Amino acid sequence: QVQLVESGGGLVQPGGSLRLSCAFSSLDYVAIGWFREAPGQEREGVSCISSSDDSTYYADSVKGRFTISRDNAKNTVYLQMDGLQPEDTAVYYCAGDLSRVHIATMCILGMDYWGKGTLVTVSS
(Lines give C-alpha, C1' and ligand atoms only; values in the text may rest on other atoms or scores of the structure.)
Protein backbone atom coordinates (compact mmCIF):
# COMPACT_ATOMS: atom_id res chain seq x y z
CA GLN A 1 0.00 0.00 0.00
CA VAL A 2 1.25 3.47 -0.92
CA GLN A 3 0.94 6.14 1.73
CA LEU A 4 1.82 9.81 1.85
CA VAL A 5 1.42 11.92 4.96
CA GLU A 6 1.62 15.71 4.97
CA SER A 7 2.44 17.90 7.92
CA GLY A 8 3.47 21.46 8.66
CA GLY A 9 0.36 23.40 7.80
CA GLY A 10 -1.06 26.08 10.02
CA LEU A 11 -1.86 29.75 10.36
CA VAL A 12 0.69 32.30 9.24
CA GLN A 13 0.59 36.04 8.63
CA PRO A 14 1.14 37.54 5.20
CA GLY A 15 4.83 37.61 4.40
CA GLY A 16 5.53 34.71 6.70
CA SER A 17 6.93 31.27 6.01
CA LEU A 18 5.98 27.66 6.48
CA ARG A 19 7.68 24.39 5.66
CA LEU A 20 5.53 21.47 4.66
CA SER A 21 6.72 17.90 4.90
CA CYS A 22 5.54 14.84 3.04
CA ALA A 23 6.57 11.44 4.30
CA PHE A 24 6.03 8.69 1.77
CA SER A 25 6.20 4.93 2.06
CA SER A 26 7.14 3.90 -1.48
CA LEU A 27 10.73 3.90 -2.67
CA ASP A 28 9.67 3.70 -6.31
CA TYR A 29 8.04 7.07 -6.81
CA VAL A 30 9.16 8.70 -10.02
CA ALA A 31 7.59 12.01 -9.10
CA ILE A 32 6.50 13.66 -5.87
CA GLY A 33 4.60 16.89 -5.82
CA TRP A 34 2.52 19.38 -3.96
CA PHE A 35 -0.96 20.38 -5.05
CA ARG A 36 -3.41 22.73 -3.45
CA GLU A 37 -7.12 23.38 -3.45
CA ALA A 38 -8.27 26.84 -2.45
CA PRO A 39 -11.92 27.51 -1.63
CA GLY A 40 -13.93 27.77 -4.81
CA GLN A 41 -10.96 27.09 -7.05
CA GLU A 42 -9.65 24.25 -9.12
CA ARG A 43 -6.85 22.06 -7.90
CA GLU A 44 -3.48 23.51 -8.78
CA GLY A 45 -0.13 21.84 -9.14
CA VAL A 46 2.18 23.92 -6.97
CA SER A 47 5.55 22.26 -7.23
CA CYS A 48 6.86 18.84 -8.16
CA ILE A 49 10.18 17.05 -8.25
CA SER A 50 11.46 14.10 -10.23
CA SER A 51 13.30 11.29 -8.49
CA SER A 52 15.22 10.36 -11.63
CA ASP A 53 16.95 13.60 -12.51
CA ASP A 54 15.93 16.03 -9.74
CA SER A 55 14.17 18.26 -12.21
CA THR A 56 11.55 20.49 -10.67
CA TYR A 57 8.44 22.33 -11.68
CA TYR A 58 6.88 25.40 -10.13
CA ALA A 59 3.59 27.02 -10.86
CA ASP A 60 3.96 30.62 -11.97
CA SER A 61 2.00 31.73 -8.94
CA VAL A 62 4.65 30.43 -6.53
CA LYS A 63 7.84 30.68 -8.54
CA GLY A 64 10.51 32.50 -6.60
CA ARG A 65 8.70 32.05 -3.29
CA PHE A 66 8.40 28.28 -2.86
CA THR A 67 11.16 25.70 -2.95
CA ILE A 68 10.72 21.95 -3.21
CA SER A 69 13.37 19.52 -2.00
CA ARG A 70 13.75 15.83 -1.27
CA ASP A 71 15.59 13.77 1.32
CA ASN A 72 15.68 10.21 0.07
CA ALA A 73 17.24 8.90 3.27
CA LYS A 74 14.19 10.06 5.19
CA ASN A 75 11.66 9.32 2.46
CA THR A 76 10.52 12.90 2.77
CA VAL A 77 9.78 15.76 0.40
CA TYR A 78 9.64 19.32 1.65
CA LEU A 79 7.99 22.47 0.43
CA GLN A 80 9.53 25.62 1.81
CA MET A 81 7.05 28.45 1.43
CA ASP A 82 8.28 32.00 1.83
CA GLY A 83 6.54 35.29 1.28
CA LEU A 84 3.15 33.71 1.85
CA GLN A 85 0.14 35.66 0.72
CA PRO A 86 -3.57 35.32 1.47
CA GLU A 87 -4.01 33.86 -2.00
CA ASP A 88 -1.87 30.91 -0.91
CA THR A 89 -4.53 29.82 1.56
CA ALA A 90 -5.54 26.30 0.62
CA VAL A 91 -5.44 22.67 1.56
CA TYR A 92 -2.09 21.39 0.39
CA TYR A 93 -1.79 17.81 -0.75
CA CYS A 94 1.27 15.70 -1.26
CA ALA A 95 1.05 13.31 -4.18
CA GLY A 96 3.21 10.69 -5.83
CA ASP A 97 3.32 8.73 -9.02
CA LEU A 98 5.18 5.73 -10.38
CA SER A 99 4.91 6.51 -14.08
CA ARG A 100 7.55 8.10 -16.27
CA VAL A 101 5.87 11.27 -17.41
CA HIS A 102 7.53 14.63 -17.77
CA ILE A 103 7.49 16.33 -14.41
CA ALA A 104 5.71 19.42 -15.70
CA THR A 105 2.96 17.33 -17.24
CA MET A 106 2.55 15.29 -14.09
CA CYS A 107 2.40 18.38 -11.93
CA ILE A 108 -0.25 19.96 -14.11
CA LEU A 109 -2.46 16.93 -14.65
CA GLY A 110 -2.12 15.26 -11.27
CA MET A 111 -0.77 12.05 -9.81
CA ASP A 112 -2.06 8.66 -8.75
CA TYR A 113 -1.42 8.61 -5.00
CA TRP A 114 -2.50 11.30 -2.58
CA GLY A 115 -2.15 12.24 1.03
CA LYS A 116 -4.99 13.56 3.14
CA GLY A 117 -3.87 17.18 2.97
CA THR A 118 -2.75 19.85 5.39
CA LEU A 119 -4.39 23.25 5.71
CA VAL A 120 -2.38 26.42 5.18
CA THR A 121 -4.10 29.64 6.17
CA VAL A 122 -2.47 32.99 5.44
CA SER A 123 -4.25 35.78 7.24
CA SER A 124 -3.58 38.75 9.46
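This is a predicted model: local features need pLDDT of at least 70, side-chain atom pairs count only at pLDDT 80 or more; totals for chains, interfaces and linings use all residues.
Me: Let's start with the disulfides. What is a disulfide, in general terms?

Reply: A disulfide is a covalent bond between the sulfur atoms of two cysteines. Here the structure holds two disulfides.

Me: Which residue does Cys 22 pair with, and how far apart are the sulfur atoms?

Reply: Cys 22 bonds to Cys 94, with 1.8 Å between the sulfur atoms. The pair joins distant parts of the chain: Cys 22 is in strand S3 (residues 18-24) and Cys 94 in strand S9 (residues 90-97), 72 residues apart. The angle about the S-S bond is -75°, a left-handed link. Both Cys 22 and Cys 94 are buried.

Me: And Cys 48: what is its partner?

Reply: Cys 48 goes with Cys 107, their sulfur atoms 2.1 Å apart. With 80° about the S-S bond, the link of Cys 48 and Cys 107 is right-handed.

Me: Why does Cys 48 count as buried?

Reply: Because Cys 48 has 0% relative accessibility, and the cut-off for buried is under 20%. Cys 107 counts as buried too, at 0%.

Me: How is the pairing written if I number the bonded cysteines in sequence order?

Reply: The pairing is 1-3, 2-4.

Me: On to the core. Which residues of the largest nonpolar core touch the most other members?

Reply: That core has 26 residues, and those touching the most other members are Ile 32, Trp 34, Phe 66, Leu 79, Met 81 and Tyr 92. Elements giving two or more residues to this core include S3, strand S4 (31-37), strand S7 (66-71) and strand S8 (76-81). S3 supplies the largest share, four residues.

Me: Take Phe 66. What is it in contact with, beyond its neighbours within four places in sequence?

Reply: The contacts of Phe 66 include Leu 79, Met 81 and Tyr 92, along with Arg 36, Val 46 and Tyr 58. Apart from this core lies another, of eight residues, among them Ala 95, Met 106, Cys 107 and Met 111.

Me: How is a pair of aromatic rings described?

Reply: By the distance of the centres and the angle of the planes. A search of the whole structure finds two such pairs. Phe 35 and Trp 114 form a tilted one, 4.8 Å centre to centre with 55° between the planes. Phe 35 lies in strand S4 and Trp 114 in strand S10 (residues 113-114), so this pair ties together parts 79 residues apart in sequence. Phe 35 is buried at 1% relative accessibility, while Trp 114 is partly exposed at 29%.

Me: What kind of pair do Tyr 93 and Trp 114 form?

Reply: An edge-to-face pair, with 6.4 Å between the centres and 80° between the planes. Tyr 93 belongs to strand S9 and Trp 114 to strand S10, 21 residues apart. Tyr 93 counts as buried because its relative accessibility is 18%.

Me: Which charged residue sits over the ring of Phe 35?

Reply: Arg 43: its charged end is 5.8 Å from the ring centre of Phe 35. Elsewhere, Arg 19 lies over the face of Tyr 78, at 4.0 Å from the ring centre.

Terms used. Residues are numbered from 1 along each chain as its sequence is written. Side-chain values use heavy atoms; hydrogens and water are left out. A disulfide is a pair of cysteine sulfur atoms within 2.5 Å. Buried means under 20% relative accessible area, exposed over 50%, partly exposed in between (1.4 Å probe, protein chains only). A nonpolar core is a set of buried Ala, Val, Leu, Ile, Met, Phe, Trp, Tyr and Cys residues joined through side-chain atoms within 4.5 Å. Contact means heavy atoms within 4.5 Å. Rings of Phe, Tyr and Trp (its six-membered ring) pair if their centres lie within 6.5 Å; planes under 30 degrees apart count as stacked, over 60 as edge-to-face and the rest as tilted. A charge sits over a ring if NZ of Lys or CZ of Arg is within 6 Å of the ring centre and within 35 degrees of the ring normal.
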